[in-house]
Each structure stands twice: as C-alpha cells, then as structure tokens.
Amino acid sequence: MLNDLYNIQSHGLALKRVDSVNFSIAVFTNAYEEHMDFHGTVDNLMTSYVKLFRLLKEGGYAILNADEVRFNHYLTTNYKDMADHCRSIFYSVVTYIAHL
C-alpha cells in the first residue's frame, strides 16, 4: 500500500495534473484569491477546488475547514451528491461548530 501526501494547488486541478489520481482523503484548508490572474473569476477558482473532492475514492474522507463558509456553500451547491460519495469531517480554528 502506498501512502502519499500531496499539496494540490488550484492550478494543478484546473490543468488536470492529478485527474488520474483517486484520493482516499482530501483536506481543504482555505481559498485565497491569489490565483485570480490564472482563474479569472472566483467561480473558476472554486470550481477547481471542488474537483479535488470529485477525485475522492468511493467512501473516502473530505476534511473541510468549517471557517471557509464561502467555499463550503459553493461545494454543497455544486456537488450535491457528495454525501453519497464520501464522508465529510469539519475542523475549525475559529468556530466551535466542527467535528475536530
């Protein structure tokens, strides 16, 4: 069994650099608009990040920052069947509404 850890950037997701990888766990920390020169719009940036969770293996784990309200809303709006595909775990450094 291989256990690898990757830091996947929105550029890599948009450019399909990890399309052949099926992740067991995906952790989302934050969405900064620093890559707007590449993505053009916030919607394109968020779409790239959502792709990471679509690459999860069936039954995988999505670990999400509960403090990233904008992204979490975008994710649930644009990936409605995510709960059927993987398990979500939320963590927080600001709020107490989280699993960790």
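## Strand pairing

Strand E1 (residues 23–28) and strand E2 (residues 56–65) pair in the parallel sense over five bridges; strands count as paired if DSSP finds at least two bridges between them. Within this pairing, Phe23 has Leu56 in E2 as its bridge partner. E2 is also joined to strand E3 (residues 86–91) by six bridges, and these two strands run parallel. Here Gly60 stands opposite Cys86 in E3.

This is a predicted model, in which local features need pLDDT of at least 70 and side-chain atom pairs count only at pLDDT 80 or more, while totals for chains, interfaces and linings use all residues. Residues are numbered from 1 along each chain as its sequence is written, and side-chain values use heavy atoms, with hydrogens and water left out.

## Overall architecture

The protein has five helices and three strands, arranged from the N terminus as α-β-α-α-β-α-α-β. The radius of gyration is 13 Å, close to the 13 Å given by the globule rule for 100 residues, so the protein is as compact as a globular protein of that length. This radius is taken over C-alpha atoms, and the rule is 2.2 Å times the number of residues to the power 0.38. Helices (H or I, at least four residues) and strands (E, at least two) are DSSP runs, numbered from the N terminus.

Along its principal axes, the C-alpha trace spans about 35 × 35 × 25 Å. Of the contacts between residues at least 6 apart in sequence, 71% join residues at least 24 apart; contact means heavy atoms within 4.5 Å.

## Burial

Of the 100 residues in the protein, 36% are buried. Buried means under 20% relative accessible area, exposed means over 50%, and partly exposed lies in between (1.4 Å probe, protein chains only).

His85 lies in helix H5 (residues 82–85). With a relative accessible area of 16%, His85 is buried.

Asn72 belongs to helix H4 (residues 69–78) and counts as buried at 12% relative accessibility. Beyond neighbours within four places in sequence, Asn72 is in contact with Leu64, Asn65, Ala66 and Phe90. Asn72 and Val50 are 22 residues apart in sequence, and their C-alpha atoms are 9.5 Å apart in space.
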